[in-house]
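Try each one yourself before reading the solution.

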Amino acid sequence: MLPKIKQVRAYVVRGGGADYHDQGDGHWIDDHIATPMAKYPEYRQSRQSFGINVLGTLVVEIEATDGTVGFAVTTGGEPAAYIVEKHLARFLEGRSPTDYEKIWDQMYFGTQYYGRKGLVVNAISGVDLALWDLLGKLRQEPVYHLLGGAVRDELSFYATGARPDLAKGMGFIGGKMPLHHGPAEGEEGLAKNIAELATMRERCGDDFWLMFDCWMALDLNYATRLAHKAKDYGLKWIEEALSPDDYWGYAALKKAAPAGMLVTTGEHEATRWGFRMLMEMECCDIIQPDVGWCGGVTELLKISAMADSRGVMVIPHGSSVYSYHFVITRHNSPFAEFLMMAPKADQVQPMFHPQLLDEPVPVNGRLKATALDKPGFGVELNPAVTLHRPYTH
Ligand SMILES: C[C@H](O)[C@H](O)CC(=O)C(=O)O
Ligand SMILES: [Mg+2]
């Protein structure tokens, strides 16, 4: 018998980490990126100007009666910390960490009247991941062993950042660029987007994957035109072109996209029900759940099984170690994303830096399964990072 759960605690941390948009000045991730807010000129140059980094990182710790502590980080900050302490903790304390199915069900249905997606599911995900970390630490096994074991020897990664050309030199299999100009910047902006793609194609050569991340910024007409113009430069996929609520738009985009170009989305989608909608409406070719936002590993297993039965690939968004331990165990997740968090996207830096210690990074675009061979998710909280616990229960 494993020890029971003694206490759940929630903390807030600022500065990068799981809230990877919370970066300093001059970072590529805040440099005139197309967003749904870019129709307002005053919010066009910087995503921080409309508050993209307002939440900060949520850290959830779960302590067992023998003193073992599992933890996880995700985006959610103080409001998520409130939900964890004041609402979700009751569904864990006094229970066995092996009861993650029942705990997930109670967290989800206990908050359904104000939750279902977004911040509440981020909070649920944080608790779920901390629970899997605890389980791994108590059993002295990496989480990927608990999920069924590795189906391949190593992970291979594409890089997201402003410099796919540099990512190619670092051994990544592809580069996903932020789209810089949205519909409000008209034909001139569209031409600049295509010119950036053309430059990168020229620098990277024909065989390197290039993708556009549109961060929910476009409308169907613009997205369709962008896709067709980008076809000439071999764009592999067009990502999150439309609002996550516009399932109908995605279904139309998938039909209208040039043959061979993939339509991807899902990083702002949550739970088996949200992903079922994306798949039943045939919205995309690849779903991209964020492990820290979609409901955690417990929910991702269900989403992934559903996708597998439909021949849909699951390439999780970001999520660092939480993604790595999952992707290595699934045939329908053949590669993974690595977000380039160095300000100029010119070097590999741990994705959730500086919040985690021992966070593995790809070497030559690859990561051996054996690099994950530590109990739980294999990382620790960096003691140099200040934790703030705004609520208790
Ligand atoms: C680069 C994108 O705008 C966003 O910051 C990250 C993202 O959506 C992704 O990695 O995918
Ligand atoms: Mg994206």
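**Exercise 1.** How many residues surround ligand 1, and which are the closest?

*Solution.* Keep in mind that this is a predicted model.
- Step 1: Count everything with a heavy atom within 4 Å of the ligand. That gives 14 residues around ligand 1.
- Step 2: Pick out the closest ones, and you get His21, Lys176, Asp213, Glu267 and Glu337.

**Exercise 2.** Find polar side-chain atoms that sit by oxygen atoms of ligand 1, then work out how much of the ligand's area the protein covers.

*Solution.* 
- Step 1: Start with His21, where a polar side-chain atom is 2.7 Å from a ligand 1 oxygen.
- Step 2: Lys176 also places a polar side-chain atom 2.7 Å from an oxygen of ligand 1.
- Step 3: For Glu239, the distance from a polar side-chain atom to a ligand 1 oxygen is 2.8 Å.

**Exercise 3.** Describe the largest nonpolar core and where its residues come from.

*Solution.* 
- Step 1: The largest nonpolar core holds 116 residues, and Ile62, Leu226, Ile238, Ile287 and Tyr322 have the most contacts inside it.
- Step 2: Helix 3 (residues 118-139) gives the largest share, 11 residues.
- Step 3: Check the domains: domain 1 (5-19 + 55-140) and domain 2 (146-374) each supply at least three residues to this core.
- Step 4: Zoom in on Tyr322: leaving out residues up to four places away in sequence, Tyr322 touches Phe71, Ala72, Val73, Leu129, Val291, Phe352 and Phe377.

Conventions. Residues are numbered from 1 along each chain as its sequence is written. Chains are lettered from A and ligands numbered from 1 in the order in which they are written. This is a predicted model: local features need pLDDT of at least 70, side-chain atom pairs count only at pLDDT 80 or more; totals for chains, interfaces and linings use all residues. Side-chain values use heavy atoms; hydrogens and water are left out. A nonpolar core is a set of buried Ala, Val, Leu, Ile, Met, Phe, Trp, Tyr and Cys residues joined through side-chain atoms within 4.5 Å. Buried means under 20% relative accessible area, exposed over 50%, partly exposed in between (1.4 Å probe, protein chains only). Helices (H or I, at least four residues) and strands (E, at least two) are DSSP runs, numbered from the N terminus. Domain bounds come from an automatic or database domain assignment. Contact means heavy atoms within 4.5 Å. A polar contact is a pair of N or O atoms within 3.5 Å; within protein, one must be able to donate a hydrogen and the other to accept it, and residues adjacent in sequence count only if both atoms are side-chain atoms.
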